[in-house]
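User: I am new to this structure and would like to understand how its descriptions are reached. Please set each value against the definition behind it.

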Amino acid sequence: MTMGKLKRLVIHCTATREGREVTSAEIRHWHTDPKSKGGRGWKQVGYSDLIHLNGGVENLVPYNEDENVDPWEVTNGAAGYNGTSRHVVYVGGLAVDGQTAKDTRTVAQKEALKKYVKNFLRQHPGAEVVGHNELAAKACPSFDVKKWLKETRIM
């Protein structure tokens with residue numbers, strides 16, 4: 001049983017201070033721990049892959065590269081879109097004050113994200129690439145994805 005056809009890649013930020021690394025264990029805590037323990041109580045994390053400050057890509061939820069989103073591939077990145085989306089997150093997205101949205105991507109993260117998106121589009125031609133803020137009233141991912149896609153000539 002599949003949820004639906006993979007239609008989009010959604011780009012997120014962890015909404016953490018510039019320069020502060022985030023582990024996959026932290027993300028799992030934030031998303032899947034019970035609310036009583038400071039989490040959101042979700043069954044699954046919000047992202048398939050995590051891009052670290054050094055540009056390393058860590059898989060959080062395994063997936064295959066077919067055109068469908070299988071139930072075991074679904075992550076909770078954007079309500080109403082999860083059954084037809086893959087979600088990738090980069091570490092950062094907030095200024096040092098911890099409040100102000102800011103594109104904090106390192107050079108390594110920008111290169112890793114560019115490579116990641118190009119590979120995704122090669123595997124899934126016709127899919128769209130959007131920022132979380134295009135699907136919900138949020139600042140995430142703290143940069144204009146459409147503008148970035150044009151500037152980098154990805155789309």
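User: What makes the lining of the largest cavity nonpolar, polar or charged, by class?

Analyst: By class, this lining has 3 nonpolar, 4 polar and 3 charged residues, where Ala, Val, Leu, Ile, Met, Phe, Trp, Tyr, Cys and Pro count as nonpolar, Asp, Glu, Lys and Arg as charged, and the others, Gly among them, as polar. The lining includes Leu6, Tyr63, Asn64, Asp66 and Arg86, and strand 6 (68–69) and strand 7 (85–90) each supply at least two of its residues, a strand being a DSSP run (E, at least two residues) numbered from the N terminus, as a helix is (H or I, at least four). This is a predicted model, in which local features need pLDDT of at least 70 and side-chain atom pairs count only at pLDDT 80 or more, while totals for chains, interfaces and linings use all residues. Residues are numbered from 1 along each chain as its sequence is written, and side-chain values use heavy atoms, with hydrogens and water left out.

User: Why is Asn59 called partly exposed?

Analyst: Its relative accessibility is 37%, and buried means under 20% relative accessible area, exposed over 50% and partly exposed in between (1.4 Å probe, protein chains only); Asn59 therefore counts as partly exposed. Asn59 lies in strand 5 (residues 57–59).

User: How do you know that a polar contact joins the side chains of Asn59 and Asp49?

Analyst: The value for this pair is 3.0 Å, and a polar contact is a pair of N or O atoms within 3.5 Å, where within protein one must be able to donate a hydrogen and the other to accept it, and residues adjacent in sequence count only if both atoms are side-chain atoms. A polar atom of the Asn59 side chain also lies 3.3 Å from the backbone oxygen of Ser48.

User: Which residues is Val117 in contact with, leaving aside its neighbours within four places in sequence?

Analyst: With those neighbours left aside, Val117 is in contact (heavy atoms within 4.5 Å) with Leu9, Ile11, Val129, Trp148, Leu149 and Ile154.

User: What makes the largest nonpolar core a core, and which residues have the most contacts inside it?

Analyst: A nonpolar core is a set of buried Ala, Val, Leu, Ile, Met, Phe, Trp, Tyr and Cys residues joined through side-chain atoms within 4.5 Å; the largest has 23 residues, and those with the most contacts inside it are Ile11, Leu113, Val117, Val129 and Trp148. Its largest share, 6 residues, comes from helix 2.

Note on methods: On a 1 Å grid over the protein atoms alone, a cavity is a set of points where a 1.4 Å probe fits but cannot get out, and a pocket is an open set with protein on both sides within 12 Å along at least five of seven lines; lining residues have an atom within 4 Å of a point.
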